[in-house]
Amino acid sequence: MHTTSSAFPSSTDRQGISKPGLSIFLLAVAAFLIVTTEYIILGILPALARDLDISISTAGQLVTLFAFTVMLFGPPLTAALSHLDRKQLFIGILLVFVVSNAVAAVAPNIWVLAAARFTPALFLPVFWGTASETAGQLAGQRHSGRAVSKVYLGISAALVFGIPLGTIATNTIGWRGTFWVLAVMSLAMAIAMAVMMQKLPAPPTTAPGTRQAHVLRDKAFLANVLLSVFLFTAMFTAYTYLADMLERLANIAPKHVGWWLMGFGAVGMLGNWLGGRMVDKAPLGASMLFAAILAVAMLAFAPLAGSTVGLTLSLVAWGVAYTALFPICQVRVMKAGAGAQALAGTINVSAANAGTGLGAIFGGLTIDHLGLESVGAVSSGVAAIAILVALAMSVRLRRLATA
């Protein structure tokens with residue numbers, strides 16, 4: 001990782017034609033587009049699988065490919081590119097997304113589509129890792145937290161609404177049209193940044209992570225990272241295939257699936273608020289609570305899928321728990337990595353993507369061998385393991401406190 005100084009222009013500087021507030025807004029919108037590109041694939045899996053004549057579990061491995069690429073290449077690429085001019089870096093990343101989404105839109109088979117997904121996955125964590133830091137520098141120390149939250153609002157909106165928006169668009173213009181829309185919007189965003197964003201010189205860097213690597217020897221910190229892997233595996237074992245579950249288990253018409261996912265995301269914003277409030281007081285307790293709610297909701301989905309009321313209740317509980325666990329995991333790991341929070345946050349993003357990829361694999365294997373109706377039960381089992389891990393960590397902390 002690298003350290004920063006106040007190398008960015010203040011709000012009174014006139015570099016470029018924009019003010020810092022506009023630049024931060026552009027970063028938030030760009031964050032929404034970039035993260036939506038990752039998660040939109042979940043909403044279009046059924047249509048994509050039908051069109052390319054592949055199984056839903058095979059299509060699900062596109063999720064694994066993207067997540068594992070982010071996990072493996074994110075930290076080193078972010079460190080390698082951190083010295084570049086930030087404005088040019090952001091524009092360059094958006095242009096990569098323009099080309100990759102266009103290639104995905106015309107992909108004739110799964111292999112070309114996989115290549116089109118691999119390339120943007122290399123650069124998503126670079127943007128994610130630098131945009132919030134840049135926003136904080138633009139706003140200045142007094143308002144950095146507020147600025148960073150605005151960028152993360154774009155990321156949260158993509159996590160919650162990117163999938164349903166993609167599903168709705170797919171049912172209107174097809175999954176290929178959805179990728180074309182992302183390509184055009186990414187191009188428009190790159191042009192907007194080039195014209196309106198002020199110049200953003202990269203802050204000076206030092207040797208990455210030299211003063212923060214001590215957390216990698218901290219067993220409590222590593223246990224928190226492992227817990228994030230288990231939680232995200234539980235979340236995405238089922239969530240990767242939620243669109244297909246709504247179609248095939250709940251008999252929701254494909255054209256209506258996107259609206260159900262939109263409701264799932266809207267309810268989930270309550271979970272984001274609850275998780276953010278609870279994690280400061282009890283990081284492990286909040287993890288266990290929402291993991292338990294998640295497990296019950298996923299387990300109940302298949303049995304209740306035939307009832308509109310039952311289906312709605314299970315999705316409400318699922319959406320709240322699922323969305324709450326995003327900030328809970330991020331804050332919990334960063335708290336455990338006190339003194340090295342930047343590195344801790346980056347490592348948690350890698351852990352989240354490891355769990356996302358593993359979840360897509362486990363969900364696909366479950367569908368192939370046990371059937372789609374068993375995905376919720378398997379996901380709940382993984383969530384139960386995560387609860388046991390968190391419980392063991394909590395017991396150990398109490399013993400250390402007593403000692």
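Q: Which residue follows H1, and what is its phi?
A: Asp 53 comes after H1, with a positive phi near 60 degrees. Helices here are DSSP runs of H or I with at least four residues, and strands are runs of E with at least two, numbered from the N terminus.

Q: What are the ground rules for the model?
A: It is predicted, so local features need pLDDT of at least 70 and side-chain atom pairs pLDDT 80 or more, while totals for chains, interfaces and linings use all residues. Residues are numbered from 1 along each chain as its sequence is written, and side-chain values use heavy atoms, without hydrogens or water.

Q: How far does H1 reach?
A: H1 covers residues 20–52 and spans 45 Å from its first C-alpha to its last, close to the 48 Å expected (1.5 Å times one less than its number of residues).

Q: Where is the kink in H1?
A: At Ile 44, shortly before Pro 46, and the kink is about 65 degrees. That is the angle between axes fitted to the seven residues ending there and the seven starting there.

Q: Why call H1 largely enclosed?
A: Because 26 of its 33 residues are buried, meaning under 20% relative accessible area with a 1.4 Å probe, protein chains only.

Q: Switching to Phe 326: where does it lie?
A: In helix H10, residues 308–336. Phe 326 is buried, at 15% relative accessible area.

Q: What does Phe 326 touch?
A: Leaving out residues up to four places away in sequence, Phe 326 touches Tyr 39, Leu 159, Phe 232, Met 235 and Phe 236, with heavy atoms within 4.5 Å.

Q: How many helices and strands overall?
A: Twelve helices and zero strands.

Key. Buried < 20%, exposed > 50% of the residue type's maximum accessible area, 1.4 Å probe, protein only.
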